Amino acid sequence: MNTAVASLAGSPAVATGKAEALCLHCATPVATGERFCCTGCAGAHALIRGLGLDSYYQLRAAGRPVGEIEDERIAWGEFVQVSEGRCRAELIVDGMHCAACLWLIEHALRAHPAVVRAQVSATTRRLVLEWKGDAGLIDELAGTVSRLGYRCLPLTPDAVEQAGMAEEKSLLRAMGVAGFAAANIMLLSVSVWSGHVGDMGTWTRDLMHAVSAVIAIPAIAYAGLPFFRSAASALRRGRSNMDVPISIGVILATAVSLAEMLQSGPHAYFDAAVTLLFFLLIGRYLETRARGYARRTAQQLLAWTAQPVSVETDAGVVQRPAQRVAIGDRVVLAAGERIPVDGFVLSGQSAIDASLVSGETLPQPVAPGDRVFAGAINIDAPLRLQVTATGAATLIGGIVRLMEAAEQGRSRFVRLSEKVARYYAPVVHLTALLSFLGWMLIGDADWRSALLIAAAVLIITCPCALALAVPAVQVAASSRLMKSGILMKSATALERAAAIDTIVFDKTGTLTVGRPRLVNAAGEDGENLQLAARLALRSRHPLCRALVAAAGPGVLPLEGVEEVPGQGMRWIGGDGEWRLGHARFTGATAAMSDGCSELWFSRPGAPPHRFRFQDDLRPDATETVAELKRRGLKLLVLSGDRPDAVRSAAEATGIADWRAGVDPQAKADAIAGLKASGHRVLMVGDGLNDAVALTLADASLSPASGIDIAQNAADAVFQGDRLAAVPEFLDAACASRRLAIQNLALALVYNLIAVPLAIAGMVTPLVAAIAMSGSSLLVVGNALRLGRLRLGRG
Amino acid sequence: MSILLLLIPAALALGLLGMAGFLWALKRNQFEDLEGAAQRVLFDDADAALRARRQ
């Protein structure tokens with residue numbers, strides 16, 4: 001909780017008296033005497049106080065700026081569903097940071113008397129709104145959200161996504177049922193096992209078995225459905241998958257146990273069948289959910305291209321739904337609007353923030369003839385565009401499509417345990433069949449005891465150790481990595497990462513911290529800096545903000561500073577004109593190319609002064625790169641940034657191989673090319689332009705500062721400024737591969753001992769229970785050794 | 001051992017109660033936004049003031 005911000009909000013008088021003033025709403029530094037940095041913040045602050053929601057300022061974390069306010073013209077009416085006098089709409093809310101944002105949006109909306117339900121999901125960033133009365137109210141409600149400083153977009157739920165969510169839910173339901181059944185049957189089984197040692201009567205044992213059957217059969221029929229369905233569809237197409245042996249094993253174990261129970265026999269394996277289903281469902285649910293998140297965030301990107309567009313026609317400018325905009329149409333774009341189409345500039349000069357698309361951190365100047373892409377924000381001045389692509393055909397639509405394709409490719413990855421199971425399952429089934437026939441034909445047993453021995457073979461070889469061997473290692477590795485601030489998102493990532501020989505880094509935000517910093521502040525007389533900061537105070541450009549930050553507190557504002565779109569700031573003082581901006585704008589001779597971003601400052605009676613900015617490397621980047629090189633990994637930088645900026649970052653860290661100006665498609669192609677030439681690639685990146693590459697690579701990492709879409713596309717997310725997370729992740733991957741193989745070997749040894757006993761008919765359920773839990777404990781214990789592993793240094 | 005006739009149904013009934021609770025929560029979409037639910041716990045006290053304003 002930030003008491004400074006809270007007290008500022010409570011008593012504006014205190015704020016005005018302070019030397020270092022912060023905007024009352026967004027907490028960016030403002031000129032002394034000012035209360036707000038812009039009219040948008042002033043409006044938002046007034047709205048929040050007017051609704052009596054001041055506690056927002058206490059709830060939110062220190063100095064977290066909320067998004068900037070923009071006017072967006074969306075035909076909300078189309079997205080409202082009306083039923084029985086109730087209206088409902090779903091919105092994507094962009095720019096939420098924390099719990100306070102959630103609270104503010106919900107409470108501001110609930111303050112409206114017609115609103116019945118306003119619920120924001122922190123996970124999916126979606127707002128569900130329900131209200132009574134007029135459907136047209138949506139304009140007012142959406143307006144409230146955007147006046148608070150959040151951008152909102154209408155959401156049209158698509159069929160694929162809804163099917164995905166329904167599948168997630170049904171898996172979770174199956175998991176709940178299997179969990180209930182497994183726990184209760186295990187309870188009964190434990191008493192039956194102890195009864196074998198003690199003096200449990202036949203009647204009691206039969207009762208236990210009967211109760212187990214009553215629970216197990218419906219539970220298996222329901223919870224096993226996902227596996228049975230998948231196995232059946234594979235068999236129908238004449239193929240086999242992991243679900244076939246699972247289904248056979250479960251059904252056979254159930255059938256045999258049922259026959260046993262009816263004939264009052266001593267053995268029943270309901271517990272094994274249900275517990276197996278329960279464990280398998282947990283894994284399957286987690287995988288489905290991770291894939292669902294990635295798909296949903298990708299879909300949200302497409303919402304940018306579904307907004308109404310202002311199209312120029314003979315009859316003037318009209319609003320048109322995005323689907324009805326044709327290629328070649330001329331589109332008008334106001335300052336501050338997000339570009340909804342791909343196209344090129346016909347007229348107007350502005351700067352666009354294309355960080356979402358290209359990864360470039362600084363706004364790019366655009367002039368007639370330049371290409372712009374959907375998803376970028378037009379910052380400075382109105383533009384007229386000629387449309388070259390809309391909707392799914394835009395670059396951003398292409399990225400979403402590529403991600404979906406790459407995601408499917410990844411789900412075809414064959415796990416270690418599946419590879420083993422592919423050979424293991426037929427051997428087990430064959431052994432069971434042979435022991436049945438052997439006892440029938442050679443051993444002269446009746447069919448009932450022969451079948452029982454066959455079932456014992458199946459059960460004792462059954463998956464317990466095998467099913468646990470790899471997942472136990474994965475769980476142990478995930479919790480070990482979590483302690484180092486690395487959050488695993490995919491169960492198979494560690495296996496995929498173990499064989500890595502090439503690492504591809506993004507530059508901005510990955511090798512570097514992603515924020516510009518003034519580098520030549522020291523050694524100045526400070527006067528230029530102080531004066532330039534007074535001009536910079538009026539701009540929201542990242543370089544200007546960095547300049548103000550470098551100048552320190554107490555910068556005095558200037559009256560009448562004017563921003564020239566795409567050029568810089570200008571102020572007419574008593575002694576002439578002051579300018580801050582591009583080299584050409586300030587009259588400096590030429591831009592230098594030393595890899596730094598620059599701002600020039602000119603004033604009468606002094607030569608133009610150059611401020612250099614650099615995006616700092618992560619503090620341990622050089623060490624980490626050296627460590628990775630020492631391990632013999634091939635390192636590569638692929639960045640969408642300017643060549644000189646990429647070169648200086650690559651040289652500073654010691655990576656010889658770099659490419660600049662790479663667009664998202666080229667990044668993905670480069671990864672695909674590396675994979676095709678036999679390399680195993682780890683991608684580390686944080687932007688939308690990395691998303692496809694992250695999905696396509698064998699394994700991927702994203703910093704927690706990255707955008708949602710990158711975090712969802714990556715296998716693991718690392719916290720903090722340390723790049724050392726990369727070797728740590730690789731260490732954990734190698735260690736878990738080693739332990740997984742050890743575990744599989746342990747399971748194999750156990751089988752080599754237990755199976756002959758089972759074939760010989762010497763395994764009673766008690767022996768089976770002891771042997772199975774013993775092997776499981778051994779495997780889990782071995783996996784837990786990962787927790788003591790030292791990561792990062794060899 | 002006739003006590004089992006009472007205890008087993010009792011144990012199963014408790015288990016079923018738990019499962020029913022889980023299925024009910026699932027049906028009411030309570031597992032959709034676990035992050036938000038964790039944060040929402042902290043908010044309640046401000047609601048009273050808001051309700052007072054609306055009336």
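Two residues are in contact if their C-beta atoms, placed from the backbone, lie within 7 Å. The structure described here is a predicted model, in which local features need pLDDT of at least 70 and side-chain atom pairs count only at pLDDT 80 or more, while totals for chains, interfaces and linings use all residues. Residues are numbered from 1 along each chain as its sequence is written, and chains are lettered from A and ligands numbered from 1 in the order in which they are written.

Chain A contains 28 helices and 29 strands; helices (H or I, at least four residues) and strands (E, at least two) are DSSP runs, numbered from the N terminus. Of the 794 residues in chain A, 47% are buried. A residue counts as buried if 20 or more other C-beta atoms lie within 10 Å of its own, as exposed if 12 or fewer do, and as partly exposed in between, with C-beta atoms placed from the backbone. Among the contacts in chain A with a separation of 6 or more, 67% are between residues 24 or more positions apart. Chain B has three helices and zero strands, in the pattern α-α-α along the sequence. Buried residues make up 2% of the 55 residues of chain B.

The largest nonpolar core has 155 residues. A nonpolar core is a set of buried Ala, Val, Leu, Ile, Met, Phe, Trp, Tyr and Cys residues joined through C-beta atoms within 7 Å. The residues with the most contacts inside the largest core are A:Ala178, A:Ala273, A:Val274, A:Leu277 and A:Phe729. Helix α27 (residues 725-759) of chain A gives the largest share of this core, 16 residues. When neighbours within four places in sequence are left aside, A:Leu277 is in contact with A:Ala178, A:Ile220, A:Ala223, A:Gly224 and A:Val250. A second, separate core of 39 residues includes A:Leu22, A:Phe36, A:Ile48 and A:Trp131. In soluble globular proteins, nonpolar side chains tend to be buried together.

A:Ile48 also belongs to the buried residues of helix α3(A), together with A:Gly40, A:Cys41, A:Ala44 and A:His45. Seen down the axis of α3(A), these buried residues fall within an arc of 130°, so they line one face of the helix; the arc is that of the directions from the helix axis to the C-beta atoms. On the other side of α3(A), A:Thr39 and A:Gly50 are exposed. The twelve residues of α3 (residues 39-50) of chain A should span 16 Å at 1.5 Å a residue, and the end C-alpha atoms are 16 Å apart, which agrees. The expected span of a helix is 1.5 Å times one less than its number of residues. Just after α3(A), A:Gly52 has a positive phi of about 75°.

A:Val80 lies in the loop between α4 (55-59) and β3 (81-83) of chain A. A:Val80 is partly exposed, because 18 other C-beta atoms are within 10 Å. Apart from neighbours within four places in sequence, the contacts of A:Val80 are A:Cys87, A:Ala89, A:Ala135 and A:Ile138. The C-alpha atom of A:Val80 is 8.6 Å from that of A:Gly136, which is 56 residues away along the chain.

Strands pair if DSSP finds at least two bridges between them. Strand β18 (residues 502-505) of chain A pairs in the parallel sense with strand β25 (residues 634-638) of chain A over four bridges, and four bridges also join β18(A) in parallel to strand β27 (residues 681-684) of chain A. A:Ile503 stands opposite A:Leu635 in β25(A) and has A:Leu682 as its bridge partner in β27(A). From β18(A), A:Thr502 and A:Val504 point one way and A:Ile503 and A:Phe505 the other way, and all are buried.

Antiparallel pairing is found in the open sheet of three strands with the order β13-β12-β15 (chain A). Its edge strands, β13 (364-366) and β15 (377-378) of chain A, each pair on one side only. Strand β12 (residues 350-353) of chain A is joined to β15(A) by two antiparallel bridges, and A:Ile352 is opposite A:Asn378 in β15(A).

Between the chains, 25 residues of chain A are in contact with 25 residues of chain B. The largest share of the side of chain A that touches chain B, nine residues, comes from α7(A).
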